[in-house]
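Hello,

Here is the structure for you to look over. My notes follow below.

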Amino acid sequence: MLNKSIKSPVNIPVSKIHPFEGNPYKVLDNDEMNTLICSIQEQGILTPIIIRPIENTDEYEVISGHRRLHATVKAGMKEVPAFIYAVSRDEAAIMLVDSNLHREHILPSERAFAYKLKMEAMSRQGKRTDLTCGQVGHKSRDGVSETESGRQVQRYIRLTYLIPELLELVDEEKIALTPAVELSYLTDEEQYALLDAIELE
């Protein structure tokens, strides 16, 4: 285990790097990924990934760069340049969420699990998130979100209680956020019954 962060990139074997457990952002084998793979094959990794040492091992966990790591493996490369930050897992979770929230296209499910991951990490660090505040427009404290109110963050987190099939319909914009939040209070059995009714229609 490193006792300090390395501010210059170093080449790390991809076999020693693991995705962040519970990463809320999807890594898809789509056209964008194919383009990234071709770019890496031609030019290499232009932006190093960010990783953290896994405690009591000689292996690492990704903080930022899951897509680049996946593309590197697909491109057949054995090493990837990386910045190493010796941070706790909760600190890494917050960094992971924040490094991706600026992306142009984030699915509701990704935002939901990202906010949940960050809120839980902040809670374990003893930071207040104040997501119980009922005031419309109230900003979540300590940075759960810099752009959305505590109530809106809480609404997104409610989506994590949906069954996967209904959550997929939310991502596909077939169910809007407000009714999706209401559906999240149903039991799994009730949600599956509703899904059956939707499929029959």
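A polar contact is a pair of N or O atoms within 3.5 Å; within protein, one must be able to donate a hydrogen and the other to accept it, and residues adjacent in sequence count only if both atoms are side-chain atoms. Such a contact, of 3.4 Å, joins the side chains of Asp 171 and Lys 26. The side chain of Asp 171 also makes one with the side chain of Ser 109, at 2.6 Å.

This is a predicted model: local features need pLDDT of at least 70, side-chain atom pairs count only at pLDDT 80 or more, and totals for chains, interfaces and linings use all residues. Residues are numbered from 1 along each chain as its sequence is written, and side-chain values use heavy atoms, with hydrogens and water left out.

Asp 171 lies in helix 6 (helices are DSSP runs of H or I, at least four residues, numbered from the N terminus). Asp 171 counts as buried because its relative accessibility is 14% (buried means under 20% relative accessible area, with a 1.4 Å probe and protein chains only).

Helix 4 and helix 6 (residues 164–171) pack at about 115°, axes 8 Å apart (axes are lines fitted to C-alpha atoms over the stretch in contact; angles run from 0 to 180 degrees between N-to-C directions). Pro 108, Ser 109 and Phe 113 of helix 4 meet Leu 167, Val 170 and Asp 171 of helix 6 (contact means heavy atoms within 4.5 Å).

On confidence: the chain's mean pLDDT is 87, and 89% of its residues reach 70 or more (pLDDT is the predictor's confidence in each residue, from 0 to 100). Over residues 132–142, pLDDT stays under 50.

Best wishes

Note on methods
Helices (H or I, at least four residues) and strands (E, at least two) are DSSP runs, numbered from the N terminus. Buried means under 20% relative accessible area, exposed over 50%, partly exposed in between (1.4 Å probe, protein chains only).
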